[in-house]
Amino acid sequence: MARDRKPWISKDRLVRRLQDLLAMEYEDVFLYMWEASLFKKRLGGGDSLHHRFSLLSSTEMRHADRLVGLLISLELKPIWDFKTPRRIPSVRESLNRHLEREFEAIRIYQELVEETGEWPHFQTVLKGILEDEKNHLKVVRHMIRGLGAGSGGPL
Ligand SMILES: [Fe+2]
Ligand SMILES: [Fe+2]
C-alpha cells in the first residue's frame, strides 16, 4: 500500500542534515553577536537592539549545543565546519538577511521534524528548536517594522 508521506530519514542523511544545521547555527551565533556590538557602537539608543541580538545569539548557541548532543548520542564527532558570514554594516540589510536565514532555518527544521518519526527523541529536540526559530522570525519581523519606512541615516 502506497504511503502518502515521505519515507523516514536514513541515518546517513540525518547526520548530514545535523552537521549542516550545526554550521548554520554557529554562523547565526556569530552574526547576531557581531551585529549586537556593531550596532551598539553605531546607533544612539542601540541598547535595545544590542540586547535583542545578544539574546538571539544565545538561543542559536543553545541550538548548536542541542545538535552537538544529538550527534554525540549517535556516537559521532560533531564537525565545526562553518564559514565566517559577511558582516553587513546596515541594520536594515542585516535584519533582512536574518529574516531570510530564519525562514530557511524553519524550512529545514520543519522538513527534518516530518522525516524523523522513527527517531522520537531527535524529533522532540528538533521540534523545540523549530518553535524557537518561529519565535526568532517574529522578533526579526517586529524589529524590521520598528525601523519604519525611512531609508536614510545610520540604518
Ligand atoms: Fe537556531
Ligand atoms: Fe534563529
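1. Let's start with Leu 18. In this predicted model, Leu 18 touches Leu 67, Leu 70 and Leu 71, once residues up to four places away in sequence are set aside. Leu 18 also belongs to the largest nonpolar core, where Leu 18, Leu 22 and Leu 67 touch the most other members. If you are opening the model for a look around, Leu 18 with its partners Leu 67, Leu 70 and Leu 71 makes a handy place to begin.

2. On the core itself: it counts 26 residues. The elements that contribute two or more residues to it are α1 (11-42), α2 (47-73), α3 (91-115) and α4 (120-147). The largest share, nine residues, is supplied by α1. As general background, nonpolar side chains in soluble globular proteins tend to be buried together.

3. Staying with Leu 71, which residues does it contact beyond its neighbours within four places in sequence? They are Leu 18, Leu 76 and Pro 78.

4. Next, the packing of α3 and α4. Their axes lie 9 Å apart and meet at an angle of about 155 degrees. Angles over 145 degrees count as roughly antiparallel, so α3 and α4 are roughly antiparallel to each other. The crossing of these two helices is left-handed. As for the residues of the contact of α3 with α4, 17 are nonpolar, four are polar and six are charged.

5. Finally, the chain as a whole. The protein chain holds four helices and zero strands, and from the N terminus on its elements run α-α-α-α. Of its 155 residues, 26% are buried. What share of the contacts between residues at least 6 apart in sequence joins residues at least 24 apart? The figure is 72%.

Technical notes. Residues are numbered from 1 along each chain as its sequence is written. Chains are lettered from A and ligands numbered from 1 in the order in which they are written. This is a predicted model: local features need pLDDT of at least 70, side-chain atom pairs count only at pLDDT 80 or more; totals for chains, interfaces and linings use all residues. A nonpolar core is a set of buried Ala, Val, Leu, Ile, Met, Phe, Trp, Tyr and Cys residues joined through C-beta atoms within 7 Å. A residue is buried if 20 or more other C-beta atoms lie within 10 Å of its own, exposed if 12 or fewer, and partly exposed in between; C-beta atoms are placed from the backbone. Two residues are in contact if their C-beta atoms, placed from the backbone, lie within 7 Å. Axes are lines fitted to C-alpha atoms, for helices over the stretch in contact, and angles run from 0 to 180 degrees between N-to-C directions. Angles under 35 degrees count as roughly parallel, over 145 as roughly antiparallel, 65 to 115 as roughly perpendicular and the rest as oblique. A crossing is left-handed if the near helix is turned anticlockwise from the far one by less than a right angle, and right-handed if clockwise. Ala, Val, Leu, Ile, Met, Phe, Trp, Tyr, Cys and Pro count as nonpolar, Asp, Glu, Lys and Arg as charged, and the others, Gly among them, as polar.
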